[in-house]
Each structure stands twice: as structure tokens, then as C-alpha cells.
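Please keep the sequence and the model open while reading.

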Amino acid sequence: MCSVPEATFGPKKRACALRSKMLVCCLLGTVRSEVQKDFSPECREFLFTGKAPRGLENRSLKKICQRYNGKARYVTLYDVVDHIPVYSAYTFKRSDGSKKVDIPWMFEPQLSTSSDSGEMQPFPPNFLHNSFSDAQAVLDDYSNIVDFERGHLNPDEHQAHPDDKAATYTLTNVVPQVREFNIGHWKRHEHVIRRRLNNYCRGTAYIVTGVTTSGRMIRRHNINRVAIPTYLWSAYCCVDFDRNAPFEERSKFPAFAAHGLNEKEGSEVMEISVKQLEDFLKKNTFVDKSFQIFFEDCEPNDAILQR
């Protein structure tokens, strides 16, 4: 049970403070830590063969099983120092690309507290943010910044069910994207992948989307708060695809990848092989030599095709 210390001011203010502190306690008392040393079986369903990308290890990186409305929705590797996701991994759902517009931004209580639920929650009133801002980004970090927007790694247009779309609206799934890049080249790339997988992936498509960083930060009150990505990258894996698709599309299966520079200019998204992306990331970010996005580079086998 939460203990609420008594304030030292008048009765009305003391009652108000008491209610505020009780709200903090109630909020924190409804969440259970889902930060995991390794992803649970339920959460590994969003990873090809149930295996997370290899070669990303650091004490500041936390594995999150992103849960919403009683169900796991996708997984994220989150940096609690840079306050951004390193990647989000999810399964693509065929959709018309519509966006969910009536969902409030959420935070991940499991990064900061420990109790009975592991679900993301809408941001509480501003005065409560300090209770968890040490481990993750908060709304204030993205306010009053002109050049950047909150850019999804798992975009809602790659999901179909309203709850799956809603679950993408947590700050643990977004990074600061240059506005022109977010609504321009990167958005067009997300459209391209949605149409390609809608049309030619017959089975499950696994997608991993992540970032590289180089030290640039969004600062608030003269404190480094949120890392600004240098590149965004993404890769998909679909081993059960249409073998009669046009060659231009068929040649991009079972796996393909892309990266783009997070800038106003020179930010064209380049589509490349997964192996080329892995080599690029080994040169441009902190991964070890064993880095691999998909187990055995998304090579199909009979057991996988029969799933």
C-alpha cells in the first residue's frame, strides 16, 4: 500500500495534495513490470522464428512486451538513457492504411514501476510526469520543438485491428523525426511496404524498424532528454509469398530492407538487401560483429512454411 505523507500547508491545499498523491499511488498501483530479460513466448510471436535481432546488448537497453487492452501487440528494445526505442518488431496486418486519430499518447509504466498490470497507459496530468521521466520520454520532451515530430517505428497503417493501431501510440514506439522526412520519404516508404505485403505476402510478415544515433539530443531545461536518430531503417521477412508476382516485386522476397537519413534534404529512402542493411548498421551504429536482424537471414524452410 502507498504511504501518503501529510503536507505542511492549510487544510484545503493539504486535501488537494493528498488527492494528487493518492492518484499517483493508484496509477502506479495498477501496473506490473513487463520489462523482460528475454521475451516471453507470447511476445516472441512478433519475431521471426521467435528470435530477436542478435548482437544488440547494453545495460541501458530494455526489452518491452508492448501490451494494450489485455493483449501483447508487439515488442520494443528501448534505451532508458537516450529515451528512444532502438527498434520495434511487429507482425504486419493487411490494411487499407487508415490511421487511428482518437487515441491519446501513452507511456510505459513497466519501465518505472512494479505492480499488477503490464499495460501501456495514457499520460496522467502533467504534475505526475516526474515519477517516470527518468527512464522514458514524456510529452514535454516533444513540446515546443519546431523541426521534429513523433515518428512511429511500428506505424498504425501497418496494423488493422483498432486495438493494434491504438497500441502504436506510445512514446516508447516513437522517435524524433524531421518533419519533412516523416511526412515525405519515410511515409511513402511505409505506403510502399504496406501495398507490397498486402498484395504479395501470403503468410505472416515480420517487420523490424529501428534507428541509429550519433549523439544529437533534444534538450529540456539544459538537460539531454531524447536522442535524435541519424538514420531510420527497416526490414521485413515473409517466407510464404506469391511466386507468380512480377519479378520487380518477387525479387524483394522473402526479405528486403531500407534506410533513410533523418534530415530535411538528402533523405531519400534506399531499398537494399537485409545483408546490405546489416553491413551498413555495423559501420554506422553500436552493434557487434554477430549482428543479425532475422534468424538465418529469413531463409525459408518447410517447418516455417507449414506454420
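Is C65 buried or exposed? C65 is buried, with a relative accessible area of 0%. Here buried means under 20% relative accessible area, exposed means over 50%, and partly exposed lies in between (1.4 Å probe, protein chains only).

This is a predicted model, in which local features need pLDDT of at least 70 and side-chain atom pairs count only at pLDDT 80 or more, while totals for chains, interfaces and linings use all residues. Residues are numbered from 1 along each chain as its sequence is written, and side-chain values use heavy atoms, with hydrogens and water left out.

## Disulfides

A disulfide is a pair of cysteine sulfur atoms within 2.5 Å. Searching the whole structure gives three of them.

| Disulfide | S to S distance |
|---|---|
| C43 and C65 | 1.9 Å |
| C201 and C238 | 2.1 Å |
| C237 and C298 | 2.0 Å |

Take C43 and C65. The pair links distant parts of the chain, with C43 in helix α2 and C65 in strand β2, 22 residues apart. Helices (H or I, at least four residues) and strands (E, at least two) are DSSP runs, numbered from the N terminus. The torsion about the S-S bond of C43 and C65 is about -90°, so this disulfide is left-handed. C43 is buried, at a relative accessible area of 0%.

Next come C201 and C238, joined by a disulfide. C201 sits in the loop between α5 and β9, and C238 in the loop between β10 (223-237) and α6 (247-250), so the link ties together parts that are 37 residues apart in sequence. The link of C201 and C238 is right-handed, with 95° about the S-S bond. Both C201 and C238 are buried.

C237 and C298 form another disulfide. C237 belongs to strand β10 and C298 to the loop between α7 (274-284) and α8 (302-305), so parts that are 61 residues apart in sequence are tied together. This link of C237 and C298 is right-handed, with 85° about the S-S bond. C237 is buried, with a relative accessible area of 0%. C298 is buried too, with a relative accessible area of 0%.

How do the bonded cysteines pair when numbered in sequence order, and what is the pattern? The pairing is 1-2, 3-5, 4-6.

## Salt bridges

A salt bridge is a side-chain nitrogen of Lys or Arg within 4 Å of a carboxyl oxygen of Asp or Glu. The whole structure holds 16 salt bridges.

One of them pairs E42 with R67, the closest N and O atoms being 2.8 Å apart. E42 lies in helix α2 (residues 41-44) and R67 in strand β2 (residues 61-68), so distant parts of the chain, 25 residues apart, are linked. E42 is partly exposed, at 35% relative accessibility. R67 is buried, with a relative accessible area of 13%.

D141 and R220 form another salt bridge, with closest N and O atoms 2.7 Å apart. D141 is in the loop between β6 (121-122) and β7 (148-152), and R220 is in strand β9 (residues 206-220), 79 residues apart. At 2% relative accessibility, D141 is buried.

K187 meets E157 in a salt bridge at 4.0 Å, N to O. K187 is part of helix α5 (residues 185-200) and E157 of the loop between β7 and α3 (162-166), so parts that are 30 residues apart in sequence are tied together. E157 is buried, at 3% relative accessibility. Salt bridges with shared partners join E157, K187, E190 and R194 into one network.
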